[in-house]
Amino acid sequence: MTKQTYRIPPRTTVAGMLAAIVGAERNSYYETFGEDNAAIAITPESDLRTINIPTTGLGTDPDQDVTTTAKKRRNYSLTYQETTGDRQLHAYEVLADPSYRIDVALEDEEFYQKLHDHLEAGTSVYPPSLGKSEYLATIENVQAGQEPEPASSSGPYDIDSIVPIELADAIPQGGVAYESERSPAVMERHQGGRRTTRFDDYVFTRRSDGTVKTDAGTDVKPVSVGNRIVVFR
């Protein structure tokens, strides 16, 4: 089985999706979503359920499969792939109808204004996608201008969003199963392309009504956004 997705979209994926909405050029927006000038909080709003999709396929690399050359007149030949052999069966694991609430804070005012205008108008320069191009995203219920407030409690906290902590730092809860992932968080330009400069570990629950409980002794700083407690990263 081949995994096609993370359970939670990586911070870099969210940055790329927002850059696609405003039409930013490739490799041009990494500084906008840097470690010190941008913050993102991701809250699952649906149960994180996966399904396996079996597919059959035949390789397209002619060097790895039998090919046949048919000689033609006028001194040219046609080389094609032998397709009478058995196909290969692959099972791909994908998320089923995922939904997330994404909170974004940016210092780049020009980028923020473009993003704000597109989100308010329901437009985008390029279609937003949750990773692969087949999985187009729909953006709804846009809210702007919300000011995060420090969480009032001194702990422990029941956090709705994913939490960038190690699994050992989460407080166990009866009937709640925690999971953790590690994914790219920050990128930079490198030799005409890009490279990841930071990876994040984070803890979450697969149930949309579940929360991650943490103590005040961890490094995270929960904030209140509306009626939700989230952690920006």
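Visitor: How much space lies in the largest cavity?

Guide: This is a predicted model, so the answer is computed from predicted coordinates. Counting cavities of 30 Å³ or more gives two. For the largest of them, the space comes to about 60 Å³.

Visitor: How many nonpolar residues does the lining of the largest cavity have?

Guide: The lining includes Pro44, Ile159, Ile162, Phe204 and Val212. Asp160 and Arg207 also line the largest cavity, as do Ser161, Thr205, Ser208 and Gly210. By class there are two charged residues and four polar ones, and the nonpolar count is five.

Visitor: Which elements give two or more residues to the lining of the second largest cavity?

Guide: The second largest cavity has a volume of about 50 Å³. Its lining consists of Arg11, Thr12, Ala15, Tyr29, Tyr30, Phe33, Ala185, Val186 and Met187. The elements that supply two or more of the lining residues are α1 (11–22) and β10 (178–190).

Visitor: In β11, which residue is the bridge partner of Tyr178?

Guide: Strand β11 covers residues 193–205 and runs antiparallel to β10, with 12 bridges joining the two. The two strands form a hairpin with two residues between them, and Gln191 in the turn has a positive phi of about 50°. The bridge partner of Tyr178 in β11 is Thr205.

Visitor: Which strands stand at the edges of the open sheet of three strands?

Guide: The order in this sheet is β8-β13-β14, and the pairing is antiparallel. A strand with a single partner has one side left without a neighbour in the sheet, so the edges are held by β8 (149–150) and β14 (228–230).

Visitor: Which residue caps the N-terminal end of α2?

Guide: Helix α2 runs over residues 109–121. A side-chain oxygen lies 3.2 Å from the backbone nitrogen of Glu110. The residue that carries this oxygen, and caps the N-terminal end, is Asp108.

Note on methods
Residues are numbered from 1 along each chain as its sequence is written. This is a predicted model: local features need pLDDT of at least 70, side-chain atom pairs count only at pLDDT 80 or more; totals for chains, interfaces and linings use all residues. Side-chain values use heavy atoms; hydrogens and water are left out. Helices (H or I, at least four residues) and strands (E, at least two) are DSSP runs, numbered from the N terminus. The expected span of a helix is 1.5 Å times one less than its number of residues. A polar contact is a pair of N or O atoms within 3.5 Å; within protein, one must be able to donate a hydrogen and the other to accept it, and residues adjacent in sequence count only if both atoms are side-chain atoms. Two strands pair if DSSP finds at least two bridges between them. On a 1 Å grid over the protein atoms alone, a cavity is a set of points where a 1.4 Å probe fits but cannot get out, and a pocket is an open set with protein on both sides within 12 Å along at least five of seven lines; lining residues have an atom within 4 Å of a point. Grid points are joined across faces, edges and corners, and a volume is the space filled by probe spheres set on the points. Ala, Val, Leu, Ile, Met, Phe, Trp, Tyr, Cys and Pro count as nonpolar, Asp, Glu, Lys and Arg as charged, and the others, Gly among them, as polar.
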